[in-house]
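Please keep the sequence and the model side by side while reading. The paragraphs that follow move from one part of the fold to the next.

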Amino acid sequence: MTRIAVIDYGIGNLASAQKAFLHLGVDATLTADREAIAAADGVVLPGVGAFGACLAALRQSGLEEVARDAASGARPFLGVCVGMQMLFGASEESPGVDGLGVLPGTIRRLPPTVKLPQIGWNTVETAAGSAMFANVCDAPWFYFVHSYAPAECPDDIVAGWCEHGTRFPCAVERGSVWATQFHPEKSGPAGLALLTNFVEMCTTAPVG
């Protein structure tokens, strides 16, 4: 059975990602065990709250290196919400705090011309040929909770765009590294379809 490790670094609401994979019949474990994370077929890094606080928790838990290694290797990796933001190098939300630096770009605050945080459903413009959105309906709706989002992100790794005050990348796909600003685990059928695509990638990608 496919084994997915959800990195447990002590912040709230991590179990919701695990429960979504369990719903799909996958062996998903919420774990802080480095060996279990290193041996899993796929790794998930959720995140809720502030960029700096999540990175501080990740570092205090001693899991920064294992998270970076997982997001830099050949195994499937999924970052969700602040888990996506942490893959970048920096965020305006927490000046002076270094991100994991796995993806190019910076996290910036959405414009003050719209209500922040963005809480609720919004449509996503998906990139043609994206493996992440295979078998997902056209212009799918996903659930968002955020005030910050990636910017200055190369177009060739953007798998999805969203509009809230400005057009911003809300999904990134670089090989086996996927990341979403929205919460697929809270996004109904479209979210489950995306997670199913991730599971399918986990069954075929090499471990390492």
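Glu 125 has Trp 161 in strand 10 as its bridge partner, and the two strands concerned, strand 7 and strand 10 (residues 158-163), run antiparallel and are joined by two bridges. Strands here are DSSP runs of E with at least two residues and helices are runs of H or I with at least four, both numbered from the N terminus, and two strands are said to pair if DSSP finds at least two bridges between them. The model is a predicted one, in which local features need pLDDT of at least 70 and side-chain atom pairs count only at pLDDT 80 or more, whereas totals for chains, interfaces and linings use all residues. Residues are numbered from 1 along each chain as its sequence is written, and side-chain values use heavy atoms, with hydrogens and water left out.

What, then, covers the two faces of strand 3, and are its residues buried or exposed? In a regular strand the side chains alternate between the two faces of the sheet. In strand 3 (residues 42-45), Gly 42 and Val 44 lie on one side and Val 43 and Leu 45 on the other, and all four are buried, so that both faces are covered; buried means under 20% relative accessible area, exposed over 50%, and partly exposed in between, for a 1.4 Å probe and protein chains only.Helix 1 (15-23) has Ser 16, Ala 17, Gln 18, Ala 20 and Phe 21 among its buried residues. What covers them includes strand 1, strand 2 (27-31), strand 3, strand 4 and helix 6 (188-204), where contact means heavy atoms within 4.5 Å. Just after helix 1, Gly 25 takes a positive phi of about 80°.

One cavity of 30 Å³ or more is counted, and the largest cavity holds about 40 Å³ of space. On a 1 Å grid over the protein atoms alone, a cavity is a set of points where a 1.4 Å probe fits but cannot get out, a pocket is an open set with protein on both sides within 12 Å along at least five of seven lines, and lining residues have an atom within 4 Å of a point. Grid points are joined across faces, edges and corners, and a volume is the space filled by probe spheres set on the points. The largest cavity is lined by Ala 17, Phe 21, Val 44, Leu 78, Val 80, Pro 184, Glu 185 and Leu 195, with helix 1 and strand 4 each supplying at least two residues. By class, this lining has seven nonpolar, no polar and one charged residues, where Ala, Val, Leu, Ile, Met, Phe, Trp, Tyr, Cys and Pro count as nonpolar, Asp, Glu, Lys and Arg as charged, and the others, Gly among them, as polar.

The largest pocket has a volume of about 160 Å³. Of the 14 residues that line this pocket, Gly 49, Cys 81, Val 82, Val 145 and His 146 are the closest to its centre. Helix 5 (82-85) and strand 8 (141-146) each give at least two residues to the lining, which by class has five nonpolar, seven polar and two charged residues.

Gln 118 lies in strand 6 (residues 118-123) and counts as buried because its relative accessible area is 4%. Its side chain makes a polar contact of 2.8 Å with that of Asn 122; such a contact is a pair of N or O atoms within 3.5 Å, of which, within protein, one must be able to donate a hydrogen and the other to accept it, and residues adjacent in sequence count only if both atoms are side-chain atoms.

Several backbone features remain to be noted. The peptide bond from Leu 116 to Pro 117 is cis, with omega near 0°, and Pro 117 is found in the loop between strand 5 (106-109) and strand 6. In the loop between strand 7 and strand 8 lies Asn 135, which has a positive phi of about 65° although it is not a glycine, and which counts as exposed because its relative accessibility is 74%. Ala 139 is found in the loop between strand 7 and strand 8 as well; its phi is near 45°, a positive value in a residue other than glycine, and with a relative accessible area of 48% Ala 139 is partly exposed.
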